[in-house]
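Subject: Structure handover

Hello,

Here is the structure we spoke about. Please have it open while you read the notes below.

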Amino acid sequence: MAISLTRLRPLLVGGIAATLAWSAQAVEVGFQAVAPNVYAHVGDTEGRTYENEALNANIGLVVTQAGAVLIDTGASFQSARQIAEAAKKVTPQPIRWVINTGGQDHRWMGNGYFKAQGAEIMAHADAEADMKARGPEQLKANAPVLKEKLDGTEIVLPTRWLKDANTRLELGGTVIEVVHRRGGHTPGDSMVWLPRSGVVFTGDVVYVDRILGLHPVSKTKTWVESFEALEALNPKVVVPGHGRVTTLAQAQKDTGQLLKALRAHMGKAVEAGTDMDAAIKSFDAAPYRHLKHVDVWLPQLANLTYLEMEQE
Ligand SMILES: [Zn+2]
């Protein structure tokens with residue numbers, strides 16, 4: 001190696017240096033097989049950083065006979081290109097369809113890259129208002145984190161809005177169902193279900209390994225309904241929105257039970273007139289201590305659930 005590098009130096013040093021600089025800076029995307037023709041990239045479980053390019057979420061890929069289906073596009077144009085490169089390593093099929101599972105940045109801000117490649121981009125219609133309202137905020141929030149890695153990123157909405165609670169698609173001969181129960185983490189949250197292989201991509205309906213997040217647009221009431229729709233599918237493989245590829249039992253432990261416990265506890269507190277601080281302090285966090293970021297996020301989850309239930 002050393003000899004050939006020395007000999008090549010006069011010709012190629014510029015090219016090699018540029019390649020190294022690119023690969024050292026670009027986020028690493030890798031698709032692992034979870035079933036025949038079905039792949040998942042498991043993203044970082046930390047917050048958004050320059051290094052992870054805000055691609056701190058999982059991405060899915062389904063290969064059909066007539067093209068590939070990408071589930072979520074990452075938070076930027078440049079990381080979308082990395083996703084496309086990673087897809088090329090597992091299939092020669094072009095990405096012809098994209099499904100955005102929700103309105104959070106890492107689900108759809110890479111849409112522009114795939115639209116330019118001619119892909120049809122789908123999401124549930126309940127995502128539209130949320131994407132339009134928060135898209136500019138998401139770009140603004142990511143700008144100081146991603147710096148020049150955000151260059152090229154624009155707000156590009158889906159090209160096809162799905163209207164039903166269950167939409168059955170047949171893409172390249174593969175049956176795919178998009179399951180939507182009025183959202184949870186974001187209003188457009190949907191799951192992508194592959195009935196033949198028993199794999200479900202849950203988007204932000206399921207978090208494992210790290211604690212789930214609640215934002216002002218989140219609704220625990222419909223999130224629980226989405227989670228119950230997941231349970232009804234009885235999936236063999238659960239690709240969560242965040243965390244390692246998992247089982248339904250683990251998803252129940254890390255997400256479903258936490259949501260139900262928060263709602264039960266805060267519902268009682270609201271009814272009894274207990275003040276919010278006391279209700280937050282008395283929530284039993286012991287079953288969730290194994291989840292990353294629990295100390296930072298749990299008080300906020302309790303707080304937002306209390307406020308939501310006051311409104312119900
Ligand atoms: Zn997310």
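A residue counts as buried when its relative accessible area is under 20%. Keep in mind that this is a predicted model.

Helix 2
By that cut-off, helix 2 has these buried residues: Gln 78, Ser 79, Ala 80, Gln 82, Ile 83, Ala 84, Ala 86 and Ala 87. The helix covers residues 77–90, 14 residues in all. From first C-alpha to last it reaches 21 Å. That is close to the 20 Å expected at 1.5 Å a residue.

Zinc site
Which residues hold the protein donors of the zinc ion? They are Gln 104 (OE1), His 106 (NE2), Asp 204 and His 242 (NE2). In sequence, the donor residues follow the spacing Q-x1-H-x97-D-x37-H. Asp 204 and His 242 link distant parts of the chain, 38 residues apart. Asp 204 is in the loop between strand 11 and helix 6. His 242 is in the loop between strand 12 (237–239) and helix 7 (248–272). Both Asp 204 and His 242 are buried.

Aromatic pairs
The structure holds 4 aromatic pairs. One of them is Tyr 207 with Trp 223, ring centres 6.1 Å apart. Their planes stand at 45 degrees, so the pair is tilted. Tyr 207 and Trp 223 are both buried.

Phe 283 and Tyr 288 form a stacked pair. Their centres are 6.3 Å apart, with 10 degrees between the planes. Are these two buried or exposed? Phe 283 has a relative accessible area of 10%, so it is buried. Tyr 288 is at 4%, so it counts as buried as well.

Phe 77, Tyr 113 and Phe 114 form one aromatic cluster. There is also a charge over a ring: the charged end of Lys 149 sits over Tyr 50, 3.8 Å from the ring centre.

Nonpolar core
The largest nonpolar core has 37 residues. Which of them touch the most other members? Val 206, Ile 211, Leu 212, Leu 258, Leu 298 and Leu 301 do. Strand 10 (190–194), helix 6, helix 7 and helix 9 (294–311) each supply at least two residues of this core. Take Leu 212 and set aside its neighbours within four places in sequence. Leu 212 is then in contact with Tyr 207, Trp 223, Thr 255, Leu 258, Leu 259, Trp 297 and Leu 301. Tyr 207 and Trp 223 are the two rings of the tilted pair above.

Positive phi
Two residues to check by eye. Glu 53 is not a glycine, yet its phi is positive, about 55 degrees. Glu 53 lies in the loop between strand 2 (38–41) and strand 3 (59–64). Its relative accessible area is 2%, so Glu 53 is buried. Asn 234 also has a positive phi, near 50 degrees, and is a residue other than glycine. Asn 234 is found in the loop between helix 6 and strand 12. With 58% relative accessibility, Asn 234 counts as exposed.

Best wishes

Technical notes
Residues are numbered from 1 along each chain as its sequence is written. This is a predicted model: local features need pLDDT of at least 70, side-chain atom pairs count only at pLDDT 80 or more; totals for chains, interfaces and linings use all residues. Side-chain values use heavy atoms; hydrogens and water are left out. Rings of Phe, Tyr and Trp (its six-membered ring) pair if their centres lie within 6.5 Å; planes under 30 degrees apart count as stacked, over 60 as edge-to-face and the rest as tilted. Buried means under 20% relative accessible area, exposed over 50%, partly exposed in between (1.4 Å probe, protein chains only). A charge sits over a ring if NZ of Lys or CZ of Arg is within 6 Å of the ring centre and within 35 degrees of the ring normal. Donors are N, O and S atoms within 2.8 Å of the metal (3.2 Å for Na, K and Ca); water is not among the atoms, so sites may look incomplete. Helices (H or I, at least four residues) and strands (E, at least two) are DSSP runs, numbered from the N terminus. A nonpolar core is a set of buried Ala, Val, Leu, Ile, Met, Phe, Trp, Tyr and Cys residues joined through side-chain atoms within 4.5 Å. Contact means heavy atoms within 4.5 Å. The expected span of a helix is 1.5 Å times one less than its number of residues.
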